[in-house]
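I set out to record how charged side chains pair in this structure, and then to look at its surface. The entries follow the order in which I looked things up.

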Amino acid sequence: ASGRTLSLSGGKSGEPVALAARAGIQDLGLDADPKLERSEVELSGGDALASDDRAAVAAESAALGVAVVADTANDSAETGGAPVLEQALSALESKAALHPIPLLPDDPSELRGNGLVLLDDPAGITPEARSALTTFIEQGGVAVAFLGPRAEQTPLGSTLEPFVHGAVHWEASASSSIDDASLTFIGPESASLRDLTLHGRAALGTADLLGAKVLGTFGDKQPFLTERDLGRGVVFTVALPTSVDRSDFPLRPAFLALLDYFLGEANSRRGMTQSSAGSDWLFPASANVSITGPRGPLAAHERTAVTGAPQKAFTPVLTGRYSLTIDDRHEERVATLEPAEITTLPAKPANNAALTRGSGNAGKIDASPELGYALLGLLALELLLRAFRRATSERVTSAPALQSRAD
């Protein structure tokens, strides 16, 4: 790599950056014109594989934006710090870009950089914020509301739409645990919800769910988690807040698994600007999607989500820039290679690799021919000894009988 440089092509850009002559991954920074469109980076010099010396540049950050609306004063852990919801998202190490905001914005453009919006114990949504949130969802966003006791404190003119319609009652005396069998789609972590300690819940069973589908229930079959499609996006409603004072739900592994499920939904519906070649791009089955890549249009194939809902999937198998048309919206995405595919050197398999795969204990058993012959010899000797002993015993037994006849 000695003498090689990395530079931007396709317009005015900064000076090339030198590539160090060493193995492994290197992080290089380039100054680019913000007005530059459809730019590429180019590696100077030649090597044995010239086809990977140019790569498309994603126009936006590859990280999924997550807007978190939570009350720092009431939703933080007793030890202080960020709200529990933010701490849980950080613990997932999903590379999502967290954007804590005090209130939902009234302008949908302020949510444009996000794919997921999480609201913890909202006390109502104003008409302006509701319109902005609905636009965000209809364009492929995912919104989740963790309802708590503030659901009963909705100010005049505010509602909890698009999550539920009408008043939501907080049942402070409810103690029925969550039916973990209804949440198996999030993985084995659902079993951690058994014997959950509750200090109330939002009564979704008496509210208008706007046609939402119930995904999870409490032990008495009341709704715990609902899902409703809205445009290209989806709305989830959870009947518990993330406060540890209301339940130990945020302290169970299932809470992290559920957040990971919401992140996955946001990635599949909104899509990442940059992703690895070979990974699927997922869309709702009802979406009208067409994708054109470096070698022409991509064919769609059907997939089934963990909840059983049908999905439309496209697989970009080549690196490069892809043009997508989703309903009436146009966007571009870039497929790249994982760094390990380039930096990891190929290695020949061991000579006895096939034997090792066939039996995990093959290398621990001495199965030499000499040992086999010795075992056969010992077996034959044992058989001869048994036959000789039997013959001797028969002669001793028959001797008294012959003597008696002679007398």
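Entry 1. I began with a network of salt bridges that links E171, R201 and D220. The model is a predicted one, and I read every entry below with that in mind.

Entry 2. I then looked up one pair within this group. R201 and E171 meet through their side chains in a salt bridge, with an N to O distance of 2.9 Å. I noted where the two partners sit: R201 belongs to strand β10 (residues 201-202) and E171 to strand β9 (residues 170-171), so their pairing ties together parts that are 30 residues apart in sequence.

Entry 3. E171 is partly exposed, its relative accessible area being 24%.

Entry 4. I asked how many salt bridges a search of the whole structure finds. The search gives ten. As background, I wrote down that side chains of opposite charge can pair when their charged atoms come close.

Entry 5. I turned next to D248 and R252, whose side chains form a salt bridge at 2.8 Å, N to O. D248 counts as buried at 16% relative accessibility. R252 is also in the buried class, at 17%.

Entry 6. I looked up a further pair, R321 and E332. R321 lies in strand β20 (residues 320-326), while E332 lies in strand β21 (residues 329-336), so the contact ties together parts that are eleven residues apart in sequence.

Entry 7. I checked the accessibility of both partners. With 16% relative accessibility, R321 counts as buried. E332 has a relative accessible area of 30% and is therefore partly exposed.

Entry 8. I left the charged pairs and went to the surface. Which residues form a nonpolar patch there? I found Y373, L376, L379 and L383, which together have about 470 Å² of accessible area.

Entry 9. L383 counts as exposed, because its relative accessibility is 52% and the exposed class begins over 50%.

Notes
Residues are numbered from 1 along each chain as its sequence is written. This is a predicted model: local features need pLDDT of at least 70, side-chain atom pairs count only at pLDDT 80 or more; totals for chains, interfaces and linings use all residues. Side-chain values use heavy atoms; hydrogens and water are left out. Patches are made of residues with over 30% relative accessible area and no salt bridge: like charges are joined within 9 Å, nonpolar side chains (Val, Leu, Ile, Met, Phe, Trp, Tyr) within 5 Å. Accessible areas come from the Shrake-Rupley method with a 1.4 Å probe; for residues, only the protein chains shown count as cover. A salt bridge is a side-chain nitrogen of Lys or Arg within 4 Å of a carboxyl oxygen of Asp or Glu. Buried means under 20% relative accessible area, exposed over 50%, partly exposed in between (1.4 Å probe, protein chains only). Helices (H or I, at least four residues) and strands (E, at least two) are DSSP runs, numbered from the N terminus.
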